[in-house]
Amino acid sequence: MDILRLTIMLLLISFSALSAYDDTWTIQVSPEVRTIEGYPAVLPCSFTHPTHTLHSSMNVVWRLGHTRTSTVLFRCSSLNGSQQCETGPDQDQRYRLEGNHREHDLTLRISSTSLQDNGRYYCSVELPDQPHANYENKMGTRLRVEAPPRILSLSIAGSVDTKLKALCHVQGSPLPDIQWTGLDEVLDSDNEVVPLPQEAPDRHRTTSHLLDIQPGGQYTCTASNPLGNDQATVYILPLSPEKSKNNSSRDDAQTVPLLLGITLVVKFLLFLGGLGGLFIKCHIESKSLSQTSK
């Protein structure tokens, strides 16, 4: 009798546990998806729901970000048990539902990815017939779009008078390493990379500075990461004879006033010395005359 009673109690507990589990919605996603710039990305998402739940109408929503500033990238609605999930007229065609929502598959496909697509994505199910019925996986899926290095620009700043420097502006993911070379040697550069948040638009870009470059020099910027490398070279024309002459004339022009000033000072000192000598001579002569008259 006790065994029968214990068996009934265990069955009731098991049934209660199954019923509690059956009353929950779950959203399953992949924690991370990787792709290469220009290729598509597929973000898996599926859900389960209680068997007794009626959801003839549902909305499928994909968002980028999980704050108040998050962006809705994809939204479709399926009403009255329809097998189609209809999007609005303003839907970006780069995003489309890859799975069948009636089979609990909310997988999203993103075409022609770019570095700007990096971020965390969240899929959710909304039930229009049930107020505040919104089911979502809070962890989301991290999309990492990788790209080989690309040199966006190579430029020269400054002047001969204030010293020249070369700037190499690079993009890539992972963030590329940058190396400068001259004709036959590796050059030291200033590569200050400031850490940026994952959501920052310029987190895949960096600029390298090569200081104190000289006219007539040739400088090459090489950017590399595991996906490849890119290279660009800049040649600085030597100073023309006219500019060299002007620089020399300017130096001479600065030297002449200095020499002239020194000459004037010397002459003034000699003049003062002459006056002093004349004064002493006059004093001695007047002293001699006074003694003679006595």
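Biologist: Why is cysteine 168 called buried?

Modeller: Buried means under 20% relative accessible area, exposed over 50%, and partly exposed in between, with a 1.4 Å probe and protein chains only. Cysteine 168 has a relative accessible area of 0%, so cysteine 168 is buried. The model is predicted: local features need pLDDT of at least 70, side-chain atom pairs count only at pLDDT 80 or more, and totals for chains, interfaces and linings use all residues. Residues are numbered from 1 along each chain as its sequence is written, and side-chain values use heavy atoms, leaving out hydrogens and water.

Biologist: What makes cysteine 168 and cysteine 221 a disulfide?

Modeller: A disulfide is a pair of cysteine sulfur atoms within 2.5 Å. For cysteine 168 and cysteine 221 the S to S value is 2.0 Å. The pair links distant parts of the chain, with cysteine 168 in strand 13 and cysteine 221 in strand 17, 53 residues apart; strands are DSSP runs (E, at least two residues), numbered from the N terminus.

Biologist: Why is the disulfide of cysteine 168 and cysteine 221 left-handed?

Modeller: The torsion about its S-S bond is about -85 degrees, so the disulfide is left-handed. By contrast, the link of cysteine 76 and cysteine 85 has 85 degrees about the S-S bond and is right-handed.

Biologist: How do you know whether cysteine 85 is buried or exposed?

Modeller: Cysteine 85 has 17% relative accessibility and therefore counts as buried. Its disulfide partner is cysteine 76, with S to S 2.0 Å; cysteine 76 is buried, at a relative accessible area of 1%.

Methods
Helices (H or I, at least four residues) and strands (E, at least two) are DSSP runs, numbered from the N terminus.
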